[in-house]
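Please keep the sequence and the model at hand while reading.

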Amino acid sequence: MAVRLRLAGALVLTALSVALTGAAVPANANTTTAPTPPAASITAQADPPSGWVTTTDPVSGISVMLPGQPTVKNTTTTDANGETLPLRQYLLEFDGGNRAVLFQVIDATFRQVDFDKALQGAASAQSDGTVTDGTVTNSRHFVLDGRPAADGRITATVAGTPAVYLVRLVADNGYLVGIITLGKATEEDALMSFHQQVLGTLRLI
């Protein structure tokens, strides 16, 4: 049975948009809501992997390469204190619907990210009962080009099929960046190779 990534994609959009902002806002911080962003910039590179294009978040300038043009969604999320934050999401399903990759950027000036809480929130979130048994099986904190970051692995059952989420989170100069790759657990080696290839194309600000 194939993992139904149209359903799982909805979970990813919901779970990580909330989980990435699991942090408090200083009492003296001024927060403002950004204007509606322009359309995402998706352009071909000179020497990309075959068929890959660059998706650039138009507000932050952060970009990543994906094997096709993603579905773009401009929306909002909330932080731990209920403050509204602008959120851009770029979701691509491929491999006949058996895999999905999500690139997203949240405007989060003055926020501090609890990466462990973010991963736990992503693992515990569900979408209409489609995703169950979410568990963070390992994680690591590190510094990526001077920015705090974390990697995580989440296992879950998606539409009755064992699945795995590979997650990278980065706090980058007032933005919270997430790259999440989802696929069948039985294909994790290939999924990891693909995930690492995507991570290698991430360009921060």
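**Terms and basis**

The expected span of a helix is 1.5 Å times one less than its number of residues, and helices (H or I, at least four residues) and strands (E, at least two) are DSSP runs, numbered from the N terminus. The model is a predicted one, in which local features need pLDDT of at least 70 and side-chain atom pairs count only at pLDDT 80 or more, while totals for chains, interfaces and linings use all residues. Residues are numbered from 1 along each chain as its sequence is written, and side-chain values use heavy atoms, with hydrogens and water left out.

**Helix H3**

Helix H3 (residues 188-199) has 12 residues and spans 16 Å from its first C-alpha to its last, close to the expected 16 Å. Its buried residues (under 20% relative accessible area, with exposed over 50% and partly exposed in between; 1.4 Å probe, protein chains only) are Glu188, Leu191, Phe194, His195, Val198 and Leu199. These residues cover an arc of only 140° around the axis, which puts them on the same side of H3; the arc is that of the directions from the helix axis to the C-beta atoms. The elements that cover them, with contact meaning heavy atoms within 4.5 Å, include strand S3 (63-66), strand S8 (147-158) and strand S10 (175-184).

**The open sheet**

Seven strands form an open sheet with antiparallel pairing, in the order S4-S5-S6-S10-S9-S8-S7, where two strands pair if DSSP finds at least two bridges between them. Strand S4 (71-78) and strand S7 (131-144) stand at the edges with a single partner strand each, so one side of each is left without a neighbour in the sheet.

Within this sheet, S4 and S5 run antiparallel and are joined by eight bridges, and they form a hairpin with five residues between them, in whose turn glycine 82 has a positive phi of about 85°. Eight bridges also join S5 to S6, again antiparallel, and in this hairpin, with four residues between the strands, aspartate 95 in the turn has a positive phi of about 55°. Nine of the 11 residues of S5 are buried, so this strand is largely enclosed by the rest of the structure.

**Helix H2**

The buried residues of helix H2 (residues 115-124) are Phe115, Ala118, Leu119, Ala122 and Ala123. Seen down the axis of H2, they fall within an arc of 130°, so they line one face of the helix.
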